[in-house]
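Q: Can you take me through the reading of helix packing, burial and backbone angles in a model?

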Amino acid sequence: MNPSEVDSGTSVGSPYGSAMQVVWCSVCMIAISGLQYAWTLFVLPMSAAHQWSRADIQIGFALFISLQAWLAILYGMCVDRYRPRNMMFVGGLLVVVGWVVNSFATSLWQLYIGEMIAGVATGIVIAAAYGNALKRFNKRRGLAVGVVSAGYGFGAAFTFWLAEHVISSAGYQSAFLWLGIGQGTIVMCVAVVFLTDLPHAATTSTHISKVRLATSARQLWSVVKTPEFILMYVMFTLVAAGGVMVAGQLSPIATDLGIADKRVTLIGITMSAILWAGMLDRITNGISRPFFGWLSDIIGREITLFIAFVLEGAAVMLLVKYAHDPLLFVLLSGLVLFAWGEIFSIFPALCTDIFGKEYATTNYGALYTAKGTASFFVPLTSILAASGSWDVPFYLVVTFDLIAAVLALVLFTLRLRK
């Protein structure tokens, strides 16, 4: 990241400079990653403990994703008004509350409440982290957002392993309790000690007026009705549906295929297939975000999206054919998550490229609601796979990826004509 591209006047090399602010935001994303990516490990233990069906449990996950995403416009406006560091602290506090509620849940409704709180918490942290990155960099915006977003993928590899360890040794309730407290505390500490605001934030955020809020709402309407935004929203929804399905259903898929506990050896380390898949998926998902963000800075956003969408579709097709093999299941699920992660670095950068930086957090918040729309694909896949076969959900994902790839070329052509 070139210092000349940084908007902040603070020294880039200091713990409070813009480059380091991106790093601290990434730390917060690492801390909250387990709320989404470790969820799959809790599904079967909860089902066994309370005799809840998988589909009913996954409604909680759908609510989590929905509130994380569908209220993203509100989170973005709050970040613009109350400053990223203040909202980050609030998000960390709600992380603790959400998973503590989950730990004591004895009914589905209590679980749903906990997941809704956790969804709001995650949405706030993501909005604050992305808003900081989008406004601090220009030429390397894709890479900057990719670094922030990478925390959500990389961190999940550790939190996935940690959650699996705590669940197996102390039970899923203890995992919810202590991981919730730990993750939320890290976010609150980073927000208080390290996060700063851009120099102009004091005037444009803290003292924002009702007139400015109305202006923000008007400009948002002018954005969401454009062909470019509509195309991005449809693509985001289609691709997010497949990625959320694989991430949220990984453990049930491996269990139904009879390979969850099969031993797999990679780089000299032997673990169960589900543990290896969970960790590798999160690592590749983390790598993909800065990688594709960097690539999109060089060859263009839409072309990079096309490449990634086709790659994911091909990976899912291979997964359908070879998922019964534990080693190939691990490797191919990792490839699927690698090809999926780019939507969280390229789409925010592309949205800001097209519609500008001033309302970048709010505009991307509107686009991010597509992830909420995609979330209801998770309980739907539980129903479609009730017979134990995951072929139909997988083929749907492939179809979604190919449609999205074509739409990426349509968006590219549309922007060329302007």
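A: We can start with a pair of helices. This is a predicted model. Helix H18 (residues 377-384) and helix H19 (residues 391-416) have axes that come within 9 Å and cross at roughly 140°.

Q: Which residues of H18 and H19 meet?
A: From H18 come Phe377, Thr381 and Leu384, and they meet Val392, Pro393, Leu396, Val397 and Phe400 of H19. By class, this contact of H18 with H19 has seven nonpolar residues, one polar and no charged.

Q: What is the crossing angle of H3 and H8?
A: Helix H3 (residues 40-50) and helix H8 (residues 141-170) cross at roughly 20°, and their axes come within 9 Å. Angles under 35 degrees count as roughly parallel, and H3 and H8 are therefore roughly parallel to each other. Their crossing is left-handed.

Q: Which residues make the contact of H3 with H8?
A: On the H3 side they are Thr40, Leu41, Phe42 and Pro45; on the H8 side they are Phe160, Ala163, Glu164 and Ile167. The residues of this contact divide into six nonpolar, one polar and one charged.

Q: Which residues of H3 are buried?
A: Buried is a matter of relative accessible area, with under 20% as the cut-off. In H3 the buried residues are Thr40, Leu41, Phe42, Val43, Met46 and Ser47. Thr40, Leu41 and Phe42 are also among the H3 residues that meet H8.

Q: How do H4 and H7 pack?
A: The axes of helix H4 (residues 54-70) and helix H7 (residues 108-136) are 7 Å apart, and the packing angle is about 25°. That makes H4 roughly parallel to H7. H4 passes H7 in a right-handed crossing, whereas the crossing of H3 and H8 is left-handed.

Q: Which residues of H4 and H7 meet?
A: The H4 residues include Asp56, Ile57, Phe61, Phe64 and Gln68, and the H7 residues include Leu108, Tyr112, Glu115, Met116 and Ile126. By class, the contact of H4 with H7 has 13 nonpolar, five polar and two charged residues.

Q: Where do nonpolar side chains tend to be in soluble globular proteins?
A: In such proteins, nonpolar side chains tend to be buried together.

Q: In this model, which residues touch the most other members of the largest nonpolar core?
A: That core has 133 residues, and Phe42, Met88, Phe236, Phe309 and Phe347 touch the most other members. Helix H12 (residues 227-256) gives the most to this core, with 16 residues.

Q: What is methionine 88 in contact with?
A: With neighbours within four places in sequence left aside, the contacts of methionine 88 are Cys25, Cys28, Val125, Ala128, Ala129, Val187, Ala191 and Leu195.

Q: Is alanine 405 buried or exposed?
A: Alanine 405 has 3% relative accessibility and therefore counts as buried. This alanine 405 lies in helix H19. Beyond neighbours within four places in sequence, alanine 405 is in contact with Phe306, Phe309 and Val310. Alanine 405 and valine 239 are 166 residues apart along the chain, and their C-alpha atoms are separated by 9.4 Å.

Q: Is aspartate 281 buried or exposed?
A: Its relative accessible area is 0%, so aspartate 281 is buried. Aspartate 281 is placed in helix H13 (residues 273-299). Residues up to four places away in sequence not counted, aspartate 281 touches Leu250, Val330, Ser333, Gly334 and Leu337.

Q: What is the phi of arginine 83, and of isoleucine 267?
A: For arginine 83 phi is near 80°, a positive value. Arginine 83 is in the loop between helix H5 (72-82) and helix H6 (84-104), and is partly exposed at a relative accessible area of 26%. Isoleucine 267 has a positive phi near 45°. Isoleucine 267 is in the loop between strand E1 (263-266) and strand E2 (269-272), and counts as exposed at 74% relative accessibility.

Q: Which residue follows H3, and what is its phi?
A: H3 is followed by glutamine 51, with a positive phi near 60°.

Definitions and conventions
Residues are numbered from 1 along each chain as its sequence is written. This is a predicted model: local features need pLDDT of at least 70, side-chain atom pairs count only at pLDDT 80 or more; totals for chains, interfaces and linings use all residues. Side-chain values use heavy atoms; hydrogens and water are left out. Axes are lines fitted to C-alpha atoms, for helices over the stretch in contact, and angles run from 0 to 180 degrees between N-to-C directions. Helices (H or I, at least four residues) and strands (E, at least two) are DSSP runs, numbered from the N terminus. Angles under 35 degrees count as roughly parallel, over 145 as roughly antiparallel, 65 to 115 as roughly perpendicular and the rest as oblique. A crossing is left-handed if the near helix is turned anticlockwise from the far one by less than a right angle, and right-handed if clockwise. Contact means heavy atoms within 4.5 Å. Ala, Val, Leu, Ile, Met, Phe, Trp, Tyr, Cys and Pro count as nonpolar, Asp, Glu, Lys and Arg as charged, and the others, Gly among them, as polar. Buried means under 20% relative accessible area, exposed over 50%, partly exposed in between (1.4 Å probe, protein chains only). A nonpolar core is a set of buried Ala, Val, Leu, Ile, Met, Phe, Trp, Tyr and Cys residues joined through side-chain atoms within 4.5 Å.
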